Amino acid sequence: MKVSIITIAYNSEATIEATIRSVISQSYTDIEYIIVDGLSKDATMSIIDKYRPQIAKVISERDNGIYDAMNKGVSLASGDIIGILNSDDFYADSDVIKDVVALFEKTQCDACYADLVYVDRNDEQKILRTWISGEYRPGAFLKGWMPPHPTFFVKADVYKRFGAYNTTLRSSADYEFMLRVLHKHQVKVAYLNRIITKMRAGGQSNVTLKNRLKANREDRMAWRLNGLRPRPWTLILKPLSKLQQFFKR
C-alpha cells in the first residue's frame, strides 16, 4: 500500500530538518511525502529545497491556519493511507511506516493509532511526557479518551466518506476529526502498541491557560458539530487523563 505523509510547516527552520529526515529514512519505500508550507519567512524553504529529490510534492502559499493546510495536503495525497506529521514532530525510528502498513494489512482496519512521547524542544533525548494510548473501546471518547493525532493514520477513503478537517475550529479540529470517524461513524480502528512519534513540547493548545480553556470550548463544539452529546464529565476527564503522562517514562 502506498502511504502519503503530510508535513505542515510555517517558520520551522529550527525543527523541520529532523522531521524530513525521519520520513525519508523510513525502511518502507512506497511513501509519497508532501510538505505544505504557509509561506515561511525564515529558512524553512531553503531546508526543504535540500531534500527536494526525496519529496513528492511541495507547496508554499498562504493558508487559513494549520487545519486548512492539512486539508490542502489531504487533497494532494494519492496514497492508500494518509498520515500527518507536523514540523515539530518526527518519527521514533526507521520502521514506523513499515509497522503501520503491516497493521493495516493484518487487521484490515480503516484507521490506526499508536503511542507518543513529548520531548524537550532543545534536547530530543529528554522525554517529558509519555502518551500510552491503549486499546480503543466503543464509548472511550465519552470518558475523555483520544489518541495522539501525530500517530493517527487513516485510509484515504475515510476522508472521502466523512470529510477532512473542520476549519471553523482553530485548535481542536484534529480532535473533532477523530471523534467523527471513530466515535460517530465507528470506522474499524487498530492500535499499534509502541511509540512511533516524538513531539517537541509546546503545542498550540497547551502553551497557556487561556489557550487550554479555548481548546476546551472547541472540544465542546466538536461534539455539537456532530450532533453528539458528551457526558457532564467527558471534557473534564479529557485534560485530566493526560496527567498520568507526566509519570510515565
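This is a predicted model: local features need pLDDT of at least 70, side-chain atom pairs count only at pLDDT 80 or more; totals for chains, interfaces and linings use all residues.
**Entry 1: aspartate 42**

I began with aspartate 42, and I found it in the loop that runs between β2 (31-37) and α2 (44-50). I then asked which residues aspartate 42 is in contact with, once its neighbours within four places in sequence are left aside. The list I wrote down is Asn11, Ser12 and Glu13. Looking at the side chain of aspartate 42, I noted that it reaches the backbone nitrogen of serine 12 at 3.4 Å, and that it also makes a polar contact with the side chain of threonine 44, at 2.6 Å. Finally I looked up arginine 231, which is 189 residues away from aspartate 42 along the chain, and I noted that the C-alpha atoms of the two are separated by 45 Å.

**Entry 2: the cysteines**

How many disulfides are there? I counted zero, using the rule that two cysteine sulfur atoms must lie within 2.5 Å. For cysteine 109, which is in no disulfide, the nearest cysteine sulfur is that of cysteine 112, and it is 5.4 Å away. Cysteine 112 is likewise in no disulfide, and its nearest cysteine sulfur is that of cysteine 109.

**Entry 3: serine 4**

Next I turned to serine 4, which I located in strand β1, made of residues 3-9. Because its relative accessibility is 0%, I recorded serine 4 as buried. With neighbours within four places in sequence left aside, serine 4 is in contact with Glu32, with Ala77, Ser78 and Gly79, and with Ile81, Ile82 and Gly83.

**Entry 4: helix α6**

Where does α6 stand, I wondered, in relation to the rest of the structure? This helix covers residues 173-184, and eleven of its twelve residues are buried, so I described α6 as largely enclosed by the rest of the structure. Among the buried residues of α6 I noted Ala173, Tyr175, Phe177, Met178, Leu179, Val181 and Leu182, and the buried set also includes Asp174, Glu176, Arg180 and His183. After α6 comes glutamine 186, and for glutamine 186 I wrote down a positive phi, near 55°.

Methods
Residues are numbered from 1 along each chain as its sequence is written. Side-chain values use heavy atoms; hydrogens and water are left out. Helices (H or I, at least four residues) and strands (E, at least two) are DSSP runs, numbered from the N terminus. Contact means heavy atoms within 4.5 Å. A polar contact is a pair of N or O atoms within 3.5 Å; within protein, one must be able to donate a hydrogen and the other to accept it, and residues adjacent in sequence count only if both atoms are side-chain atoms. Buried means under 20% relative accessible area, exposed over 50%, partly exposed in between (1.4 Å probe, protein chains only).
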